[in-house]
Amino acid sequence: MGCVNEKQKPKTYNYSMGKKLNIRSLDHAGLREIATRYGQKPFRGDQLVHWLYGRGARDFAEMVNLPGDFRAKLDRDFEVAYPTLVKRQVAADKTRKYLVQLADGTLVETVAIPERRRLTVCLSTQVGCAMGCVFCATGQMGLMRSLAAGEMLDQLMMVRQDFADATGGDAVDRLPVAPAAVAVAASTSPLRISNVVAMGQGEPFANYDATLAALRMINDPALYGIGARHITVSTCGLLRPLERFATEPEQFTLAISLHSAVQATRDALMPELSHQPLAQLREALIYYLQNTSRRPSLEYVLIAGVNDNAAELAALLDFCAVPAPGFHVNLIRLNPLPALASGASQPLTSAAPAAMRTFQKALAQANVSASVRTPRGADILGACGQLASQGA
Ligand code: SF4
């Protein structure tokens, strides 16, 4: 795999396959354009968005507030195709993982993480990933293609339906809540999607336009209405898109996969980013801090004998010495990788709990906020770094 250039856009599947174009491959702007091209006012495109991504319409005939001749033309020229849910797994901690087959047959995974009062969806933005991070199963797949915005929305729709269908409309009954919390929880049913993280398969900033279009529809009050601060983009920090993200009007949250503040270590862990100096990443993050006044998180998977020593800690502390509001560091246990199709083994192991505590304490002493992230869904290979589109 060659060095990834963020200017190179991975192919996005156009759905046509010699048949009618799937109208759900179009995002909000694209549907408004279709409306005007067919002689309608742009608001007809908004209505299409509502039907396709809000209501999950499967046929143009359902879209009763659209003019009949417009519906007939759409039916003549487009199809309405949805992905197929291939497999659904539920972990001991109630995390759910979904294997989804897209219209072109490729597979992608989505994770839903229920908690007492919230439901977080970890969605994928690409099939596979070009970044090749050595601790990540998705990275070992390589990149197959980027997802269209609608395919990201599909993942949310699937989770929303699953939590409604599988629980009879009361997902809270199935959550791991303490007995004292049940009365509170039971009054808040059904559990709705409250948070979205673009942290599944893929590098969102390598599919920037489609990812932002999807996040905007997730934020749209007429669709999911999830507040921008509850929508997080997790990226390894491609510089140019990061600078662009710093100027977006929405208050989306940013998470950076750092994993080491030592250049040689990070290059070894994240080989496809080795062209990108850490000093430039830090500068871009300072620009982000100054432009947005929002605090990004730094993701740090602690790996035994790799990035858990004193020199790595000192480098991390230096990296975090930035203007207010500063960074929040998430310390993450390395989850075991699934068996890879190539037969490659996973030589890396998670750092000891004592190393986690040492890092957390040192960060606190340096006034850097930090937390140890509890892995969710590891027994179904649904935790960070484990997604690999495995059908078996
Ligand atoms: S950690 Fe993220 S950027 Fe790295 S290979 Fe995995 S999905 Fe891609």
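How many of the eight residues of S5 are buried? Seven of them are, so S5 is largely enclosed by the rest of the structure. Buried here means under 20% relative accessible area, exposed means over 50%, and partly exposed lies in between, with a 1.4 Å probe and protein chains only.

Some ground rules. This is a predicted model, where local features need pLDDT of at least 70, side-chain atom pairs count only at pLDDT 80 or more, and totals for chains, interfaces and linings use all residues. Residues are numbered from 1 along each chain as its sequence is written, and side-chain values use heavy atoms, with hydrogens and water left out.

Now the overview. The chain has 392 residues, and 54% of them are buried. Its secondary structure comes to twelve helices and 14 strands. Both are DSSP runs, numbered from the N terminus: helices are H or I with at least four residues, strands are E with at least two. Take contacts next, meaning heavy atoms within 4.5 Å. Among those between residues at least 6 apart in sequence, 68% join residues at least 24 apart.

On to the sheet. It is open, with ten strands in the order S3-S4-S5-S6-S9-S10-S11-S12-S13-S14, and the pairing is mixed. Strand S3 (84-90) and strand S14 (369-373) are at the edges with a single partner strand each, so one side of each has no neighbour in the sheet. On average, neighbouring strands are turned by 20° against each other, direction ignored. Two strands count as paired if DSSP finds at least two bridges between them.

Back to S5, residues 107-114. On one side, six bridges join S5 to strand S4 (residues 96-101), and the two run antiparallel. Arg96 stands opposite Ala112 in S5. The hairpin of S4 and S5 has five residues between the strands, and Gly105 takes a positive phi near 95° there. S5 also pairs with strand S6 (residues 119-122), antiparallel over four bridges. That hairpin has four residues between its strands. Pro114 has Leu119 in S6 as its bridge partner.

Next, helix H11, residues 310-319. Which of its residues are buried? They are Glu312, Leu313, Ala315, Leu316 and Phe319. They cover an arc of only 160° around the axis, which puts them on the same side of H11. That arc uses the directions from the helix axis to the C-beta atoms. The face turned away carries the exposed residues Ala310, Ala311 and Asp318. What covers the buried residues includes helices H9 (263-269), H10 (278-292) and H12 (353-365), plus strands S12 (297-302) and S13 (328-333). At the start of H11, a side-chain oxygen of Asn309 comes within 3.2 Å of the backbone nitrogen of Ala311.

Finally, confidence. pLDDT is the predictor's confidence in each residue, from 0 to 100. The chain averages 85, and 84% of the residues score at least 70. Over residues 166-189, pLDDT stays under 50, and the model has 32 contacts beyond four places in sequence for them. Residues 340-344 also stay under 50, with one such contact. Where pLDDT is low, the predicted coordinates should not be read in detail.

Technical notes
Polar contact = N/O pair within 3.5 Å; in protein donor to acceptor, adjacent residues only side chain to side chain. Axes fitted to C-alpha atoms, helices over the stretch in contact; angles between N-to-C directions.
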